[in-house]
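Colleague: Could you take me through the aromatic contacts in this one?
Modeller: Gladly, here is the entry.
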Amino acid sequence: VLGPGGRSDGAQLPAGERGREQVRRVSAALLAAGADDVGVIDLARESMANFKEDLLYVMPEARTVLVMAFRLNQTSLRSAAHSVADIEFRYAWTQANETARQIVRRLRATGIEAVNMPAGFPYEANRWPGKIWFTFDKMFAAEAGLGHMVWNRLLLHPRFCASLFLGTVLLNEESDQYYGPL
């Protein structure tokens, strides 16, 4: 999907234009690679202010946040056998991290810097007793229009309900299209 210079035909674009076209292509590539839904957030958005410092600590030049949703098998999650539900979460965790890593490698090959944040429940124990996480994927997903955060802190996706796994990728480019909350 991603060619040299940010276009499938290999033509070079100015850096800003390259980034905007790349984000559209990356969203399509994430869906093709296995993500079930994708949202794009401008890190400069006022509602991202509480998270910006942590994300810029990870990637000082970050400007865009891609959020990926991976659907979980509800039947496995409802199983009385803990191991069945556990393996479903493990597969989704692996898929989220591998999909993000694959996209980051493709982006870097075209000159766009990106970082895939660890999916699932990432934390930095050395930051204890303060805030030990860099991302709040549920809040990001809500900001990207991938669902609603409800009173019990579950994210409810319009099609997948609460049966989903989330991942985040930071980019150093802007997008020409961002998604807003539902």
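Colleague: How many aromatic pairs does the count come to?
Modeller: The count comes to 3 aromatic pairs, where rings of Phe, Tyr and Trp (its six-membered ring) pair if their centres lie within 6.5 Å, and planes under 30 degrees apart are stacked, over 60 edge-to-face and the rest tilted. This is a predicted model, in which local features need pLDDT of at least 70 and side-chain atom pairs count only at pLDDT 80 or more, while totals for chains, interfaces and linings use all residues. Residues are numbered from 1 along each chain as its sequence is written, and side-chain values use heavy atoms, with hydrogens and water left out.
Colleague: What is the geometry of Phe-51 and Phe-136?
Modeller: Phe-51 and Phe-136 are edge-to-face, at 6.1 Å centre to centre with 75° between the planes. Phe-51 sits in helix α2 (residues 49–58) and Phe-136 in the loop between β3 (114–117) and α5 (137–143), so this pair ties together parts 85 residues apart in sequence; helices (H or I, at least four residues) and strands (E, at least two) are DSSP runs numbered from the N terminus.
Colleague: And which way do the rings of Phe-51 and Phe-140 pair?
Modeller: That pair is edge-to-face too, because the ring centres of Phe-51 and Phe-140 are 5.2 Å apart and their planes at 90°.
Colleague: Switching topic, is Phe-140 buried or exposed?
Modeller: Phe-140 is buried, with a relative accessible area of 0%, where buried means under 20%, exposed over 50% and partly exposed in between (1.4 Å probe, protein chains only).
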